[in-house]
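Here are my notebook entries from a look through this model. I jotted them down in the order I looked things up.

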Amino acid sequence: AHNDAVGIAQRHGITVSAACGVIAAISPGCAWGLNVQYADTLVAAYVQGKRGRSLPCVGSYGWNNIRKCEHILDGINPLDVLSPKTGPKTRAFYILILNPSDAVTVCIDRHAKAVAVGRVGSDSDGSNVVRPAQYVFFARHYQKVALDLGITSHQLQAICWVTWRRVAGNLNQETIPF
């Protein structure tokens, strides 16, 4: 992820921090390959002078995230744009893309929550949503287990995420079989 951000930064003459921020801002609900492609497309348009609604509306969550990207590209610190109250996962994602050797930060998303609670959450009842207090709770537990295993928190989360995606797939309200 860091190397992808470096590539975007070099291609378009922006800072690596800004490239990481744009990738993170676009990331919610977006597959990784598309995330990088969308970030590159948006940065290219910004560098060409496009602003506001003339920027491409890329990603899954529309103009709100595009405005965040524009603020980041305008020079505002991504951590000031990516709100800690509404987007702790997105902030963590930014931090880890910028600094992949960070040993403590962890991205807690619906998949990390599903692994921790042993079942897939539901869109209909909101049980797949990671609320702010839950984020802190799950992050602390991932950090503790990672420390016990001698790996970084984000390595543990990545291992769990890849395994969950492979084993659990699209289970609906079922116990995860591991």
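Predicted model: local features only at pLDDT ≥ 70, side-chain atom pairs only at ≥ 80, totals over all residues.

Next I checked F137, which counts as partly exposed at 46% relative accessibility.

**Aromatic pairs**

I searched the whole structure for aromatic pairs and found 2. One of them joins W32 and F93, with ring centres 6.0 Å apart and an angle of 85° between the planes, which is edge-to-face. I then looked up where the two residues lie: W32 is in helix α3 (residues 32-47) and F93 is in helix α6 (residues 88-98), so this pair ties together parts that are 61 residues apart in sequence. I noted W32 as partly exposed, at a relative accessible area of 32%. I also looked at the rings of F137 and F138, whose centres are 5.4 Å apart; the planes meet at 75°, so this pair is edge-to-face.

**Charges over rings**

Which residue lies over the face of F93? I found K89 there, at 5.4 Å from the ring centre. I also logged R51, whose charged end sits over the ring of Y46, 3.5 Å from the centre of that ring.

**Helix α6**

F93 made me curious about the rest of its helix. I listed the buried residues of α6 as T90, R91, A92, F93, Y94, L96 and I97. Then I asked what covers the buried residues of α6. The cover includes α1 (2-12), α2 (16-26), α3, α5 (78-81), α8 (132-149) and α9 (153-167).

**Cysteines**

How many disulfides does a search of the whole structure find? I got 0. I wanted to see why, and took two cysteines in turn. For C20, the closest cysteine sulfur is in C107, and at 12 Å it is too far for a bond; the cut-off for a disulfide is 2.5 Å between the sulfur atoms. C20 counts as buried, at 0% relative accessibility. For C57, the closest cysteine sulfur is in C69, 10 Å away, again too far for a bond. C57 is partly exposed, at 41% relative accessibility.

**A loop residue**

I stopped at V120, in the loop between α7 (110-117) and α8. V120 counts as buried, with 10% relative accessibility. I then took the C-alpha distance from V120 to W164 and got 9.7 Å, for two residues 44 positions apart along the chain.

**The whole chain**

Zooming out, I counted 9 helices and 0 strands in the protein. Read along the sequence, the pattern is α-α-α-α-α-α-α-α-α. I compared the radius of gyration with the globule rule: a compact globule of 178 residues would be near 16 Å, and the protein has 17 Å, which agrees. Along the principal axes, the C-alpha atoms fill a box of roughly 50 × 35 × 30 Å. I put the buried share at 43% of the 178 residues.

Key:
Residues numbered from 1 in each chain as written. Heavy atoms only, no water. Phe/Tyr/Trp six-rings, centres within 6.5 Å; stacked < 30°, edge-to-face > 60°. Helix = DSSP H or I, 4+ residues; strand = E, 2+ residues; numbered from the N terminus. Buried < 20%, exposed > 50% of the residue type's maximum accessible area, 1.4 Å probe, protein only. Lys NZ or Arg CZ within 6 Å of the ring centre and 35° of its normal. Rg over C-alpha atoms; globule rule 2.2 N^0.38 Å. Contact = heavy atoms within 4.5 Å.
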